[in-house]
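Please consider the structure shown below.

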Amino acid sequence: MRGDAVLQLDHLVIAQDAFRLSADWQVPAGARVALIGPSGAGKSTLLAAIAGFLAPVSGRILWQGRDLAPLPPGARPLSVLFQDQNLFPHLTVAQNLGLGLRPDLRLSPDERARVAAALERVGLDGLGARRPAELSGGQMARAALARVLLRARPLLLLDEPFAALGPALKADMLALVAEVAARTGATLLMVTHDPTDARAICDLAVLVAEGRAEPPRPPTALFAERPPALADYLGPAMQ
Amino acid sequence: MAGGAGTIGGLALLLVAAPLGAVAWRAGGLALSPADLAALRFTLLQAALSALVSVGLAVPVARALARRRFPGRALLITVMGAPFLLPVIVAILGLLAIFGRGGVLNTALAAAGLPVLSVYGLQGVVLAHVFLNLPLATRMILQGWQAIPAERFRLAASLGFTPADSFRHLERPMLIQILPGAAATVFAICLTSFAVALVLGGGPRATTLELAIYQAVRFEFDLRHAAGLALVQTALGGLATLAAWALARRAGFGAGLDRALPLAAPGGWRQGVDGAVLALAAAFLLAPLAAILASGAPGLLQLPDQVWPAAVRSVAVALVSALMTVGVALVLAEARAAGRLGWVELAAMLPLATSGLVLGTGLFLIVQPFVPPMILALPVTVLVNMLLSLPFAYRLILPEAQALQADYGRLAAALGLVGLARLRLLTLPRLARPLGFAAGLAAALSMGDLGVIALFAGEREATLPLVVQRLAAAYRNEAAAGTALLLVGLSFALFWAFDAGGRRAAA
């Protein structure tokens, strides 16, 4: 489901202490983009800048032609899942989901029904009254994804939220991500260490290495070409 | 939120800066009389002696607590926090019951035909300060001991260190780093001593600057003199606070992986000495409390009439100032944790450099041209108590606010959880425990405060500590003891209620 460019990184430069990263490219609507590269290369930092936690040094981040700079994180047209701490431990699962509809949690009966429906859709029906500590790691990831469904923002940023899960569970979650993205029509940007993840659900890949995030291209093309930075990262065993 | 935090921080700063400015303006230079110089000398002497004795006695107590395990150890450490919550006037009455002219000790000495000891003057002031600060010094030094990784003691044991070797290579370096900060902290606290000097000191040879300020306002009606003394007190307090801050750094002993290893405690005579040290320290700290309980209980049933209105005033002042303290401390800590407004730290910590009498004198100077200060006794007491508790509350809340920001700040921002919704759904539930503890502490400190209220209050504005002091000064000992017991009970009850409330609300 490719469309016109929605997310544009326009001569973007971000910096944190001595670290610098530049990017100048765009992403079409509905694309599923993997950010791949060695740890410390700046994948998470790039997501943080798009999400609004880090102001660019120069350049702009545009959504449908509009500069996102003046918008605080919660007002940007996106949802983000972090590596951990995606749920508040002192709120119930249903309350954590409800935050996606109304941050002050004054939910109408209709909104409560939508929370219940979202829980059911990710396979957590009946668990709304529990606290996150009473869920397994996979169930917590599902709850966070259910909130993404409720927020229904057009851009979804994943900063390796499934890194702590086993391979089978992670594959399940990626399939669920693909389903959620398809259902909400969202454009997806996900950080990953693992080329398998990139191939599994992504149609574009961005190599982040040596201070640069390169323009997206199809994963097959990227892995076939194996630019030196990627080859260094993947190592000789990977073919 | 940023604008609100800036406004509140600015107001807190103004509430300290304006009285200091009034003091400096009215003092019009430093001209100290011989009596003022004597007060300055006595203030420094008693604070230095109090610091040295408190820290000197705290070292063996902390060492015994660090290396011995026995039933009741945790309880003993908890009880050692009690003098911090104990109203100073009550502590003094307790000490008088043990060490006073008709106290337990002198009765025993007289029965044995020995000369009796006087608890008034320098030795009495130092005794009371050691009683009030020994627990604090012990806790600071105990933290130093616990900061030595257990691996170091294991290594020492494997190398066959004797206790003297361990002391030389592990304990002495730690003490060299910890003791100056502990001593400077106690020194700074004792510099601002008012209630102790009011009851146990006095006269030309045992007057502190704080007491001299009080006398200048209440008896000489010489506000210019009071302002001059307050200026000296502020300079002294500021320097001492800075020194304590600079010296009270944490000892660096490298990383330790496992602190659960029990320290290898030497046996033999050292075990006996540790036991004796702990027994003596516990007796010294608990006997005055027990004396208050014993002497106050009979008087509790027939308290004088002025006690009950004073109790109501005290509780009201404590509640309002406690709520204001945690409110301001929370706003400032949240702003600091979010990385905004670095200067709010100054607003939160500046009161440490002042004292109740200094702030009181400044506010007295400001309001006196417009209204009789007596009318404002209670509001001024609320404000000053709030300011004096603010540094403690801020220090308690800040690390928790920083952890909250690190753990959930991004998630809350990503979900648009801001403003009042953030306060209600995130901050209050997650910080309920430190907020409750800080509110309890502020309420107890306010309940026990005998400083600014003495400066302002007439007959009809007195709070409980002032009533206790007046009853004791009139030698109505039974009524004073009963009122003191009521005061302790209310202080601890308020502390407990806030602390337990915070624990219960903690998610």
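The paragraphs below treat the contact between the chains, then single residues, and then salt bridges.

This is a predicted model, in which local features need pLDDT of at least 70 and side-chain atom pairs count only at pLDDT 80 or more, whereas totals for chains, interfaces and linings use all residues. Residues are numbered from 1 along each chain as its sequence is written, chains are lettered from A and ligands numbered from 1 in the order in which they are written, and side-chain values use heavy atoms, with hydrogens and water left out.

The meeting of the two chains involves 20 residues from chain A and 17 residues from chain B, where contact means heavy atoms within 4.5 Å. Between them, chain A and chain B bury about 1800 Å², 67% of it on carbon and sulfur atoms; buried area is the accessible area (1.4 Å probe) that two parts lose on being put together, summed over both. On the side of chain A, the residues that lose the most area to chain B are A:Gln85, A:Phe88 and A:His90, together 33% of what that side buries. Five residue pairs, with both residues at pLDDT 80 or more, are in polar contact between chain A and chain B. A polar contact is a pair of N or O atoms within 3.5 Å; within protein, one must be able to donate a hydrogen and the other to accept it, and residues adjacent in sequence count only if both atoms are side-chain atoms. The count of salt bridges between chain A and chain B is zero, a salt bridge being a side-chain nitrogen of Lys or Arg within 4 Å of a carboxyl oxygen of Asp or Glu.

Within chain A, A:Thr187 lies in strand 8 (residues 187–192). Helices (H or I, at least four residues) and strands (E, at least two) are DSSP runs, numbered from the N terminus. A:Thr187 counts as buried because its relative accessibility is 2%; buried means under 20% relative accessible area, exposed over 50%, and partly exposed in between (1.4 Å probe, protein chains only). Beyond its neighbours within four places in sequence, A:Thr187 is in contact with residues including A:Val6, A:Trp63 and A:Leu156. A polar atom of the side chain of A:Thr187 lies 3.0 Å from the backbone nitrogen of A:Gly30.

In chain B, B:Gln469 belongs to helix 20 (residues 464–473). With 14% relative accessibility, B:Gln469 is therefore counted as buried. Neighbours within four places in sequence aside, B:Gln469 is in contact with B:Ile89, B:Leu198, B:Val199 and B:Leu450.

Over all chains, a search of the whole structure finds 15 salt bridges. Side chains of opposite charge can pair when their charged atoms come close. One of the salt bridges joins the side chains of A:Asp10 and A:Arg60 (3.1 Å, N to O). This pair links distant parts of the chain, 50 residues apart, with A:Asp10 in strand 1 (residues 5–16) and A:Arg60 in strand 4 (residues 58–63) of chain A. A:Asp10 is buried at a relative accessible area of 16%, while A:Arg60 is partly exposed at 38% relative accessibility.

In chain B, B:Arg395 and B:Glu345 form a salt bridge, their closest N and O atoms being 3.3 Å apart. B:Arg395 lies in helix 17 (residues 377–414) and B:Glu345 in helix 15 (residues 344–349) of chain B, so the pair ties together parts that are 50 residues apart in sequence. Salt bridges that share partners also join A:Arg212, A:Glu214, A:Arg217 and A:Glu225 into one network.
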